[in-house]
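Please report on the strand pairing and the side-chain contacts of this protein chain. Keep it brief.

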Amino acid sequence: MSKHEIQSPLPGTFYRKSSPDAAPFKADGDAVVQGDVIGLIEVMKTFHEVYADASGTDIVFIAEDNEPIMAGQVIAEVTQ
């Protein structure tokens with residue numbers, strides 16, 4: 001099995017859910033399909049969806065919810 005890294009396309013704040021009281025888009029251990037929304041990045045009050053760019057049986061988040069991140073930083077790893 002190999003691991004695929006999902007990297008942040010933008011610098012900003014990473015959110016794993018759409019609002020504070022919502023369920024996360026994906027939880028650690030969930031299967032993902034390429035194109036699934038896994039989180040949001042907020043840049044200057046604008047929210048951008050982050051998509052899985054690979055399918056896999058298991059996702060593990062490296063970035064925490066509400067964490068400032070840089071472009072190119074690893075957000076999550078997907079086991080393929």
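## Basis

The model is predicted. Values that concern side chains use heavy atoms, with hydrogens and water left out.

Four strands form an open sheet in the order 4-3-2-6, with antiparallel pairing. Strand 4 and strand 6 (67-69) are the edge strands, and each pairs on one side only. From one strand to the next, the twist averages 35°.

Strand 3 (residues 37-43) and strand 4 (residues 46-51) run antiparallel and are joined by six bridges. These two strands make a hairpin with two residues between them. M44 sits in the turn and has a positive phi of about 50°. Strand 2 and strand 3 are also antiparallel, paired over three bridges.

Which residues does I41 face across these pairings? In strand 4, its bridge partner is H48. F14 stands opposite I41, which lies in strand 3.

Strand 5 pairs with strand 7 (residues 74-79) in the antiparallel sense, over four bridges. D58 stands opposite T79 of strand 7.

## Aromatic rings and a charge

The count of aromatic pairs is two. In one of them, Y15 and F47 have ring centres 6.0 Å apart.

Y15 counts as partly exposed because its relative accessibility is 21%, and the buried class requires a value under 20%.

A charged side chain also meets a ring. R16 lies over the face of F61, at 4.0 Å from the ring centre.

## K26 in the loop

K26 is found in the loop between strand 2 and strand 3. Is K26 buried or exposed? It is buried, because its relative accessible area is 16%, and the cut-off is 20%.

A polar atom of the K26 side chain lies 3.3 Å from the backbone oxygen of A31. Neighbours within four places in sequence aside, K26 is in contact with R16, A31, V32, D36, V37, I38, I59 and F61. R16 and F61 on that list are the two residues of the charge-over-ring arrangement.

## D30 in the loop

D30 has its place in the loop between strand 2 (12-15) and strand 3. At 30% relative accessibility, D30 is partly exposed. A polar atom of its side chain lies 2.8 Å from the backbone nitrogen of A27.

Which residues does D30 contact, leaving aside neighbours within four places in sequence? They are T57, D58 and I59. D58 is also the residue that stands opposite T79 in strand 7. The C-alpha atoms of D30 and V60 are separated by 8.2 Å, although these residues are 30 apart along the chain.

Technical notes:
Residues are numbered from 1 along each chain as its sequence is written. This is a predicted model: local features need pLDDT of at least 70, side-chain atom pairs count only at pLDDT 80 or more; totals for chains, interfaces and linings use all residues. Two strands pair if DSSP finds at least two bridges between them. Buried means under 20% relative accessible area, exposed over 50%, partly exposed in between (1.4 Å probe, protein chains only). Contact means heavy atoms within 4.5 Å. A polar contact is a pair of N or O atoms within 3.5 Å; within protein, one must be able to donate a hydrogen and the other to accept it, and residues adjacent in sequence count only if both atoms are side-chain atoms. Rings of Phe, Tyr and Trp (its six-membered ring) pair if their centres lie within 6.5 Å; planes under 30 degrees apart count as stacked, over 60 as edge-to-face and the rest as tilted. A charge sits over a ring if NZ of Lys or CZ of Arg is within 6 Å of the ring centre and within 35 degrees of the ring normal. Axes are lines fitted to C-alpha atoms, for helices over the stretch in contact, and angles run from 0 to 180 degrees between N-to-C directions.
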